[in-house]
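Please give a short briefing on this protein model for someone new to reading structures. Keep it plain and group the points by topic.

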Amino acid sequence: MEEQELIARAQQGEKNAFQDLMTPYQRKIYSLLYGMVWDREDALELTQEAFTKAYRSIKGFRGASSFYTWLYRIAVNLAFDFRRRRMANPEIPGTVDPPDREGPDSTLLRKELNERICVTMAQLPPQHRAVLLLREVEGLTYKEIAGVMGCRVGTVMSRLHYAREGMRRALASYLKEEE
């Protein structure tokens, strides 16, 4: 069934159509939110909240942007709100590495790099982190990111540049150590 038909049916209150509409986006929204909040449980809760908010707001969707741009914007806004509420008590939970087949040294090095990346990402301004995740992880175009973030393409390009530069600077000493 085509997405536009599912949207129309969901706007008429058909729950199964809404569920079919959301299914392709569940992992992407979760991944985006996890990359912004760095906690699996919080990301799961925010994903559920994003879908609940989308369900409540689907009647207002007019198609000015693509459906997934609209959905990503809901998720990004929820993540920004969440981060604002949590700013008083920042923490970065540990991450789980996949099993390693190369040995303990490479596992330790990968874990250390993973931790440094997490810390560096957490230090980026939320708008820079969101743009970086939307571009590098989700593969959205600049125009799509602009729609999600509610800004101009030039702003997206600028934020992406500063996010990448911040990551490069923060990780430069670590990467030099490895050479």
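The model is predicted.

**Helix α2**

- Helix α2 runs over residues 15-22, and its buried residues are Ala-17, Phe-18, Leu-21 and Met-22.
- These four sit on the same side of α2, because the arc they cover around the axis is only 135°.
- Lys-15, Asn-16 and Gln-19 are exposed and lie on the face of α2 turned away from the buried side.
- The cover over the buried residues of α2 includes α1 (3-11), α3 (26-37), α4 (40-57) and α5 (67-86).

**The nonpolar core**

- In soluble globular proteins, nonpolar side chains tend to be buried together.
- In this model the largest nonpolar core has 52 residues.
- Ile-29, Phe-67, Val-76 and Leu-134 have the most contacts inside that core.
- Helix α5 gives the most to this core, namely 11 residues.
- Phe-67 has a relative accessibility of 1%, so it counts as buried, the cut-off being under 20%.
- Apart from neighbours within four places in sequence, Phe-67 is in contact with Glu-3, Ile-7, Leu-21, Met-22, Tyr-25, Ile-58 and Phe-61.
- Two of these partners, Leu-21 and Met-22, are among the buried residues of α2.

**Aromatic rings**

- A pair of aromatic rings is described by the distance of the centres and the angle of the planes.
- The whole structure holds 9 aromatic pairs.
- Tyr-30 and Tyr-34 form a stacked pair, because their planes are at 20°, and planes under 30 degrees apart count as stacked; their ring centres are 6.2 Å apart.
- Both tyrosines lie in helix α3, 4 residues apart, which is about one turn of the helix.
- Tyr-30 is partly exposed, with a relative accessible area of 22%, whereas Tyr-34 is buried at 15%.
- The rings of Phe-61 and Phe-67 have centres 5.6 Å apart and planes at 90°, so this pair is edge-to-face.
- Phe-61 is buried, with a relative accessible area of 7%.
- One aromatic cluster is formed by Tyr-25, Phe-61, Phe-67, Tyr-68, Trp-70 and Tyr-72.
- The charged end of Arg-135 sits over the ring of Tyr-142, 4.7 Å from the ring centre.

**Arg-169**

- Arg-169 is placed in helix α9, which spans residues 153-178.
- Is Arg-169 buried or exposed? Arg-169 counts as exposed, because its relative accessibility is 53% and the cut-off is over 50%.
- Arg-169 and Thr-120 are 49 residues apart along the chain, and their C-alpha atoms are separated by 9.6 Å.

Key
Residues numbered from 1 in each chain as written. Predicted model: local features only at pLDDT ≥ 70, side-chain atom pairs only at ≥ 80, totals over all residues. Heavy atoms only, no water. Helix = DSSP H or I, 4+ residues; strand = E, 2+ residues; numbered from the N terminus. Buried < 20%, exposed > 50% of the residue type's maximum accessible area, 1.4 Å probe, protein only. Arc of directions from axis to C-beta. Contact = heavy atoms within 4.5 Å. Core = buried A, V, L, I, M, F, W, Y, C linked by side-chain atoms within 4.5 Å. Phe/Tyr/Trp six-rings, centres within 6.5 Å; stacked < 30°, edge-to-face > 60°. Lys NZ or Arg CZ within 6 Å of the ring centre and 35° of its normal.
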